[in-house]
Amino acid sequence: MSNFNIAVVAGDGIGPEVMEQNINVLNKIGQKFGHSFKYESVLGGGCAIDAYGEPLPQHTIDVCKASDSVLLGAVGGWKWDTLPGDKRPERALLGLRGALGLFANLRPATLHEALKDACPLKPEFVENGVDIMVVRELTGGMYFGEKGRKQTDMGEAAYDVEQYSVKEVERITRTAFEIARKRKKHLTNVDKQNVLESSRLWRSTVLEVAKDYPDVELDHLYVDNASMQLIMRPSTFDVIVTGNIFGDILSDEASQLTGSIGMLPSASLGEGSLGMYEPVHGSAPDIAGKNLANPIATILSGAMMLKYSFGLQEEAKTIEDAVAKVLNAGYRTGDIMSEGMKKLGCKEMAEAILAEI
Ligand code: NAD
């Protein structure tokens, strides 16, 4: 029997609804496989602003740091939309990633067989399925580089510096290779080394790290080509590793291949096993409190936690298989509903998944 302490930041809007269902699923997995999951709920986002006047209280950071893993629902909502940038609920996300040293963002884009019709591409482009993991560097590059304004002979100019160190590239590349090892052993590095000096350092570092992973096939694409190939031949990708800004764009592009935002989980990892797991979607204030949210993205985030933070592969697969069975049986929430399918609420969708575990 293993014991795991999980910090839970359910957040705002649909966050608490989908998190409740995620915890129900994890508890069922705990019963089935003999693990004990202990949860500690803490405030982050808009609800923390209401309670403490700040989106990320120190107590929340402390509890998350002391836990084995963090589950996050979603933060934000209309109520806090007029607050200045540094006081907004979304600061909780960036703050937690920084405080926990999470430098790798994992965004799977999986097209479920039963949802093939939701893919915007022609069927022949996805007949071999889509199962891509985008591993994006999360704490470097031009989003965090030196920025400013200056006068030039063309008038006022602004700049954001793209910079990567060997150490930063090494650690994200290792994370990606390790993940590829557990999947189809194929890693695609995406950079722009024909133009950018930072990409040349990125590429040479990836090649150096690759020497430790001879069992993984490695190839390289320039980012502009990668964005085309993702549309032309999505089935041929396994794991993609790339920098912050390229990963931001490519992970959103890849996710669109899967049909609905309510289906997409994500993970943020650091050096150790502590990670933060959350759905890609936001707090969906338009449907909050109405039992309409699709809980699958959050439930699949829970499966990612079992896999990447706790090393529980079989348990994670049990959740993924249960989700696939429920979709194959024709059950849908409103966001993925199509003709002839059976429509369920958030709670009922989770119950259908529980019944398959
Ligand atoms: P959103 O993802 O919350 O919603 C976009 C659309 O998708 C809405 O129509 C919503 O109803 C639908 N949707 C989202 N998740 C769904 C689910 N699980 N099931 C069914 N439908 C779903 O994005 P938004 O409307 O741009 O943002 C709403 C709030 O969430 C804002 O305050 C924004 O800042 C915040 N936000 C938070 C996160 C996060 O916590 N990670 C991410 C994005 C946006």
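**Stop 1: a helix and its neighbours**

Select α10 and look around: its buried residues pack against α1 (15-33), β2 (35-41), α9 (296-308), β13 (331-332) and α11 (346-356). Here, buried means under 20% relative accessible area, exposed means over 50%, and partly exposed is in between (1.4 Å probe, protein chains only). Packing is judged by contact, which means heavy atoms within 4.5 Å. Helices (H or I, at least four residues) and strands (E, at least two) are DSSP runs, numbered from the N terminus.

A quick note before you click on: this is a predicted model, where local features need pLDDT of at least 70 and side-chain atom pairs count only at pLDDT 80 or more, while totals for chains, interfaces and linings use all residues. Residues are numbered from 1 along each chain as its sequence is written, and side-chain values use heavy atoms, with hydrogens and water left out.

Which residues of α10 are buried? Colour E315, A316, T318, I319, A322, V323, V326 and L327 to see them. An α-helix has 3.6 residues a turn, so residues three or four places apart point the same way.

The helix covers residues 313-328, 16 residues in total, and reaches 22 Å from its first C-alpha to its last. That is close to the 22 Å expected at 1.5 Å a residue; the expected span is 1.5 Å times one less than the number of residues. Just after α10, click G330, which takes a positive phi of about 95°.

**Stop 2: another helix**

Now select α6, residues 197-210. Its 14 residues should span 20 Å at 1.5 Å a residue, and the end C-alpha atoms are 20 Å apart, so the two agree. Its buried residues are S198, S199, W202, R203, T205, V206, V209 and A210. They pack against β5 (131-137), α5 (166-181), β8 (186-191), β9 (217-222), β10 (239-242) and α8.

**Stop 3: inside α8**

Go to L250, in helix α8 (residues 244-256). Is L250 buried or exposed? It is buried, because its relative accessible area is 1%. Leaving out residues up to four places away in sequence, L250 touches V190, V223, A226, S227 and L230. Then try a distance: from L250 to F33 is 36 Å, C-alpha to C-alpha, and the two are 217 residues apart in sequence.

**Stop 4: two loop residues**

Most residues other than glycine have a negative phi, and most peptide bonds are trans. With that in mind, pick K185 in the loop between α5 and β8. K185 is not a glycine, yet it has a positive phi of about 60°. At 36% relative accessibility, K185 counts as partly exposed.

Next, find N291 in the loop between β12 (275-279) and α9. N291 also has a positive phi of about 60° without being a glycine. Its relative accessible area is 31%, so N291 is partly exposed.

**Last stop: zoom out**

Of its 357 residues, 52% count as buried. Among contacts between residues at least 6 apart in sequence, 76% join residues at least 24 apart.
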